[in-house]
Amino acid sequence: MSKRKKPHVVVVGGGTGMPVLLRGLKNYPIDLSAIVTVADDGGSSGRLRSEMAIPAPGDIRNVIAALSDAEPMLLDLFQHRFTNGNGLSGHAMGNLLLAAMTSLTGDFYNGIKEISRVLNVKGRIYPIANQNMFLHAEMEDGEIISGESNIPDANKKIKRVFLSPEPVLPLPEAVEAIKQADLVVIAPGSLYTSTLPNMIVPQIGDALRHTKGKVTYVCNVMSQYGETTGYTAADHVQAITDHIGEGCIHSIIVHNQPIEGDVRELYAEENAAPVIYDTERLLDMGLEIIEGDIIDHSKKMLRHDTAKVSELLYSLI
């Protein structure tokens, strides 16, 4: 008797939001894939990519750590960041391993597969592309800012983001994973510098439109200074639609509890405020709204709750 095929879930994103979802989802009986941005150009990632001309390893490293079932000590080693030593200072061990494995296998994606095997990763990890790519933003006033880390610093209203060199060729396996998915999850994260860099690769946008599965967007809980100041939930969706066209997102997951007290004040210092979800506009966009208390109240910083969000996502299948 044939075993029923596990549902295929694909998570798309980068930054800090994506590992939170993956950490929870890996414990469910699903076939899990992560499609990760490689446009980061700050810190250790940025140095390695300019010195070795490889895609940025930082977000990939965090996803490997989130999906790994390795010994905690091995994971601590993988995530270890050197604080001193002239050439090593600031580098994360995992980034160096990814760079070394890319040299050994001659290919970034093969390097990821090998490290995933060594660290007993549950699921598949796809870099959005197997090449070095750069993110640029055109501001409302027409200025072009280049480099993922420079875009929020400009603190101007962003009109659109785009990649170079064109065309960026996505990994065929990543495109296929989206097309075959039962559920595609757009992870929370910096809208213009973590979420959209994956989606603006043309074949990825097409795959999102034509996937047989449902596409859900886990909306950010707080706005981000220099990227989404004053944005509502519908503004987030509108930015995605403006970049990749209508009909890509079917539902949105929003946090529906007030954010108050110390946490709110802490974020106010960074000019960040809770993202208001404007129900009417979201419904007008044809979206199903899925709401719940989805943040982790034990943390000082606002993070989505791994267990709550993964349970909610699994219930959508």
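Guide: Let's start with a word we'll need: buried means under 20% relative accessible area, exposed means over 50%, and partly exposed is in between (1.4 Å probe, protein chains only). Cys-248 is buried, at a relative accessible area of 3%.

Visitor: What kind of model is this, and how are its residues numbered?

Guide: It's a predicted model: local features need pLDDT of at least 70, side-chain atom pairs count only at pLDDT 80 or more, and totals for chains, interfaces and linings use all residues. Residues are numbered from 1 along each chain as its sequence is written, and side-chain values use heavy atoms, with hydrogens and water left out.

Visitor: Back to the cysteines, then. How many disulfides does the structure hold?

Guide: A disulfide is a pair of cysteine sulfur atoms within 2.5 Å. Here there are zero disulfides. Take Cys-219: the closest cysteine sulfur, in Cys-248, is 16 Å away, so that is too far for a bond. Cys-219 is buried as well, at 2% relative accessibility.

Visitor: Now the strands. In what order do they sit in the open sheet?

Guide: Helices (H or I, at least four residues) and strands (E, at least two) are DSSP runs, numbered from the N terminus. Two strands pair if DSSP finds at least two bridges between them. In this model, seven strands form an open sheet in the order β3-β2-β1-β7-β8-β9-β10, with parallel pairing. At the edges are β3 (124–127) and β10 (288–292), each pairing on one side only.

Visitor: How many bridges link β9 and β10?

Guide: Five bridges, in the parallel sense, with β9 covering residues 251–255. To find one of them, look at Val-254, whose bridge partner in β10 is Glu-291.

Visitor: How do I read the angles, and which strands does α8 lie across?

Guide: Axes are lines fitted to C-alpha atoms, for helices over the stretch in contact, and angles run from 0 to 180 degrees between N-to-C directions. Contact means heavy atoms within 4.5 Å. Helix α8 (residues 191–199) lies across β1 (8–13), β2 (31–36), β7 (183–186) and β8 (214–218), and runs at about 130° to β1.

Visitor: Last one: what is the volume of the largest pocket?

Guide: On a 1 Å grid over the protein atoms alone, a cavity is a set of points where a 1.4 Å probe fits but cannot get out, while a pocket is an open set with protein on both sides within 12 Å along at least five of seven lines; lining residues have an atom within 4 Å of a point. Grid points are joined across faces, edges and corners, and a volume is the space filled by probe spheres set on the points. The largest pocket's volume is about 790 Å³. Its lining has 31 residues, with Thr-16, Gly-189, Ser-190, Gln-224 and Arg-303 nearest the centre.
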